[in-house]
Amino acid sequence: SPLPVVLGMLIRPIQPGERDAVADFAIEGMRSETVPMVVSREKVVAVIEHFVRPNRDFNLLAWDGDTLVAGIAVAVSEMLWFERCEAHIVMFRSLKPGVGRTLMRHALAWCKADMRIQRVLWSLEADADSRTTRYASRFGFNTQTLCVMHKE
């Protein structure tokens, strides 16, 4: 069921007819020009389809009328070497001040309430705006080094 309107935005999970709008929104926010890989719209849509189906993962979108202005999606997977699971923030983007904070609070409350989840991971690009790292630290994230190699 929808959450109350927050800052004039309707907040609710993705609906089946919104796949294309969410794919456009997610791809636009990926900054794909910064990595030597090709974004596959088909794969993005497949991930969105995963979140449309009732499952054990989390997503919320914020709509300003018919315009998607913010979204968060959290995928849960088993940890490789440890008991329990980890949650991965696979999409977080907000074009309206304050709305992202609301979405992040709901996502992290969901993660904290789910006994399966031991840790929450939010991967940022090495050149991400320093404000994003400070923002993440306000929600309890600490910064660790993740080494990534892209084959050319």
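# Close-up views of a predicted model

**View A. Glycine 29 sits in the loop between α1 and α2.** Helices (H or I, at least four residues) and strands (E, at least two) are DSSP runs, numbered from the N terminus. This is a predicted model: local features need pLDDT of at least 70, side-chain atom pairs count only at pLDDT 80 or more, and totals for chains, interfaces and linings use all residues. Residues are numbered from 1 along each chain as its sequence is written, and side-chain values use heavy atoms, with hydrogens and water left out. Glycine 29 has 32% relative accessibility, so it counts as partly exposed. Buried means under 20% relative accessible area, exposed over 50%, and partly exposed in between (1.4 Å probe, protein chains only).

**View B. Helix α1 (residues 19-28) has buried residues at Val22, Ala23, Phe25 and Ala26.** They cover an arc of only 165° around the axis, which puts them on the same side of α1. The arc is that of the directions from the helix axis to the C-beta atoms. What covers these buried residues? The cover includes α2 (41-52), β2 (58-64), β3 (67-78) and β4 (85-94). Contact here means heavy atoms within 4.5 Å.

**View C. Glutamate 28 of helix α1 and arginine 93 of strand β4 are linked by a salt bridge.** A salt bridge is a side-chain nitrogen of Lys or Arg within 4 Å of a carboxyl oxygen of Asp or Glu. The N to O distance in this pair is 2.8 Å. The two residues are 65 apart in the chain, so this view joins distant parts of it. Glutamate 28 is exposed, at 57% relative accessibility. Arginine 93 is buried, with a relative accessible area of 16%.

**View D. Arginine 119 and glutamate 86 meet through their side chains in a salt bridge.** N and O lie 2.6 Å apart. Arginine 119 belongs to strand β5 and glutamate 86 to strand β4, so the pair ties together parts that are 33 residues apart in sequence. Buried, exposed or partly exposed: which is arginine 119? At 37% relative accessibility, arginine 119 counts as partly exposed. Glutamate 86, at 10%, counts as buried. Elsewhere, salt bridges with shared partners join Asp20, Asp24 and Arg41 into one network.

**View E. Glutamate 18 forms a salt bridge with arginine 12.** The closest N and O atoms are 2.4 Å apart. Both residues, glutamate 18 and arginine 12, are buried. How many salt bridges does a search of the whole structure find? The search finds eight.

**View F. Phenylalanine 58 and tryptophan 110 form a tilted ring pair.** Rings of Phe, Tyr and Trp (its six-membered ring) pair if their centres lie within 6.5 Å; planes under 30 degrees apart count as stacked, over 60 as edge-to-face and the rest as tilted. By this rule the count comes to five aromatic pairs. In this one the ring centres are 5.4 Å apart and the planes stand at 35°. Phenylalanine 58 is in strand β2 and tryptophan 110 in helix α3 (residues 99-113), so the pair ties together parts that are 52 residues apart in sequence. Phenylalanine 58 is buried, with a relative accessible area of 10%. Tryptophan 110 is partly exposed, at 24%.

**View G. Tryptophan 122 and phenylalanine 141 pair edge-to-face.** Their ring centres are 5.6 Å apart and their planes stand at 65°. Tryptophan 122 lies in the loop between β5 (117-121) and α4 (130-138), and phenylalanine 141 in the segment after α4, so the pair ties together parts that are 19 residues apart in sequence. Tryptophan 122 and phenylalanine 141 are both buried. Ring pairs link Phe92, Trp122, Tyr135, Phe139 and Phe141 into a cluster.

**View H. Tryptophan 81 and arginine 84 lie in the loop between β3 and β4.** Tryptophan 81 is exposed, at 75% relative accessibility. Leu80, Trp81 and Phe82 form a nonpolar surface patch, with about 490 Å² of accessible area together. Patches are made of residues with over 30% relative accessible area and no salt bridge; like charges are joined within 9 Å, nonpolar side chains (Val, Leu, Ile, Met, Phe, Trp, Tyr) within 5 Å. Accessible areas come from the Shrake-Rupley method with a 1.4 Å probe; for residues, only the protein chains shown count as cover. Arginine 84 has a phi near 75°, a positive value in a residue other than glycine. At 39% relative accessibility, arginine 84 counts as partly exposed.
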